[in-house]
Amino acid sequence: MGALGHFLERQGIPTASISLVREHTETIRPPRALWVTFELGRPLGVPDDPDFQRRVLRATAGLLERTDGPVIEDYPEDVAEEADFTGWACPINLAPTAVDTLAAEIDRLATWHDQTVARTGRTTTGVSGLDMPAAGALLSSALAGDLPPAHALKEAIDDLRAYYLEAAASFPDPGTSKMRKAWLWDETLFGKALLTLQPLLAASADPQHKILANLTLIPATERYRLAKA
């Protein structure tokens, strides 16, 4: 986005962006950037808090008045999240067992996901055009060595990741977003499937599979898990 900002500015279009990684922004030096300390993937901060999100957007838009760029301005508000897992409970057991399958895990989460969609009125699933059982079947096929096109596989995985996290948001004690992400990687067959799939994709002769394996399949914050898989 920083590089795009320079291009648009040369065309006479003022730009302002939100920075989640200050080091990158300091290197690229976009015309105007608002640096925030929020969790990666959440540039507007608090989920389901439109007032907070509007404040972030207003602060970003306010930078358009600056003509002394490149400028990086610090956003004054932070988002404090409790990191304690004590008391976080879910009445369904998602821990892998000898008889459990990815398909069963996906099916078990359907009721929780439906509750989230009913409460919020939205979902971020649907990119792949597949329902969740079909997306899970595509992932299982890839794990069995029948690798589909990288783009189709990525979209199915993105849908499943959103599905799991949205479902977890309706658990009786959903915890923070960080807790839910840790649950996905530590306790679900889906998280373990992604860690198992990464070396299979990395060994593929298809360069798009390699890109998916090495850049986007496992978030940078979770890549340390590959050494343990």
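User: Among contacts between residues at least 6 apart in sequence, what percentage join residues at least 24 apart?

Analyst: The model is a predicted one. The contacts considered here are those in the protein chain between residues at least 6 apart in sequence. The share of them that joins residues at least 24 apart is 63%.

User: How many helices and how many strands does the protein chain have, and in what order do the elements run?

Analyst: The count for the protein chain is 10 helices and three strands. Read from the N terminus on, the order of the elements is α-β-α-β-α-β-α-α-α-α-α-α-α.

User: What does the C-alpha trace span along its principal axes, and what percentage of the residues is buried?

Analyst: Along the principal axes, the C-alpha trace of the protein chain spans about 60 × 45 × 35 Å. The chain has 229 residues, and the buried share of them is 35%.

User: Which residues have the most contacts inside the largest nonpolar core, and which helix gives the largest share of this core?

Analyst: The largest nonpolar core has 31 residues, and those with the most contacts inside it are Leu139, Tyr164 and Phe190. At least two residues each come from helix 4 (102-108), helix 6 (132-143), helix 7 (150-168), helix 8 (177-187), helix 9 (189-202) and helix 10 (207-216). The largest share, eight residues, comes from helix 7.

User: Is Phe190 buried or exposed, and which residues does it touch beyond four places away in sequence?

Analyst: The relative accessible area of Phe190 is 0%, so this residue is buried. Leaving out residues up to four places away in sequence, Phe190 touches Leu102, Glu105, Leu139, Ile157, Leu160, Arg161, Tyr164 and Leu184.

User: Why is the pair of Tyr164 and Phe190 stacked, and how many residues apart in sequence are the parts it ties together?

Analyst: The ring centres of Tyr164 and Phe190 are 4.8 Å apart and their planes are at 25 degrees, so the pair is stacked. Planes under 30 degrees apart count as stacked. Because Tyr164 lies in helix 7 and Phe190 in helix 9, the pair ties together parts whose separation in sequence is 26 residues.

User: Which type of aromatic pair do Tyr163 and Tyr164 form, and which residues make up the aromatic cluster?

Analyst: There are eight aromatic pairs by the rule applied here. The ring centres of Tyr163 and Tyr164 are 6.0 Å apart with 75 degrees between the planes, and the pair is edge-to-face. Both Tyr163 and Tyr164 are buried. One aromatic cluster is formed by Trp112, Tyr163, Tyr164, Phe171, Trp183 and Phe190.

User: Which helices do the buried residues of helix 8 pack against?

Analyst: The buried residues of helix 8 are Ser177, Met179, Arg180, Ala182, Trp183, Leu184 and Trp185. These buried residues pack against helix 7 and helix 9.

User: How many residues apart are Asp51 and Arg54 in helix 3?

Analyst: Side chains of opposite charge can pair when their charged atoms come close. Asp51 and Arg54 meet through their side chains in a salt bridge (2.6 Å, N to O). Asp51 is partly exposed at 45% relative accessible area, and Arg54 is partly exposed at 38%. Both lie in helix 3 (residues 50-62), about one turn of the helix and three residues apart.

User: Is Asp100 buried or exposed, and what is the relative accessible area of Arg108?

Analyst: The side chains of Asp100 and Arg108 meet in a salt bridge (2.9 Å, N to O). With 14% relative accessibility, Asp100 counts as buried. Arg108 is partly exposed, and its relative accessible area is 30%.

User: How far apart are the closest N and O atoms of Arg225 and Glu222?

Analyst: Arg225 counts as buried at 11% relative accessibility, and Glu222 counts as buried at 11%. The two form a salt bridge, and the distance between the closest N and O atoms is 2.6 Å.

User: What is the area of the nonpolar surface patch made by Met1, Leu4 and Phe7?

Analyst: Phe7 has its place in helix 1 (residues 2-10). With 43% relative accessibility, Phe7 counts as partly exposed. Met1, Leu4 and Phe7 make a nonpolar surface patch of about 350 Å².

How values were computed: Residues are numbered from 1 along each chain as its sequence is written. This is a predicted model: local features need pLDDT of at least 70, side-chain atom pairs count only at pLDDT 80 or more; totals for chains, interfaces and linings use all residues. Side-chain values use heavy atoms; hydrogens and water are left out. Patches are made of residues with over 30% relative accessible area and no salt bridge: like charges are joined within 9 Å, nonpolar side chains (Val, Leu, Ile, Met, Phe, Trp, Tyr) within 5 Å. Accessible areas come from the Shrake-Rupley method with a 1.4 Å probe; for residues, only the protein chains shown count as cover. A salt bridge is a side-chain nitrogen of Lys or Arg within 4 Å of a carboxyl oxygen of Asp or Glu. Helices (H or I, at least four residues) and strands (E, at least two) are DSSP runs, numbered from the N terminus. Buried means under 20% relative accessible area, exposed over 50%, partly exposed in between (1.4 Å probe, protein chains only). A nonpolar core is a set of buried Ala, Val, Leu, Ile, Met, Phe, Trp, Tyr and Cys residues joined through side-chain atoms within 4.5 Å. Contact means heavy atoms within 4.5 Å. Rings of Phe, Tyr and Trp (its six-membered ring) pair if their centres lie within 6.5 Å; planes under 30 degrees apart count as stacked, over 60 as edge-to-face and the rest as tilted.
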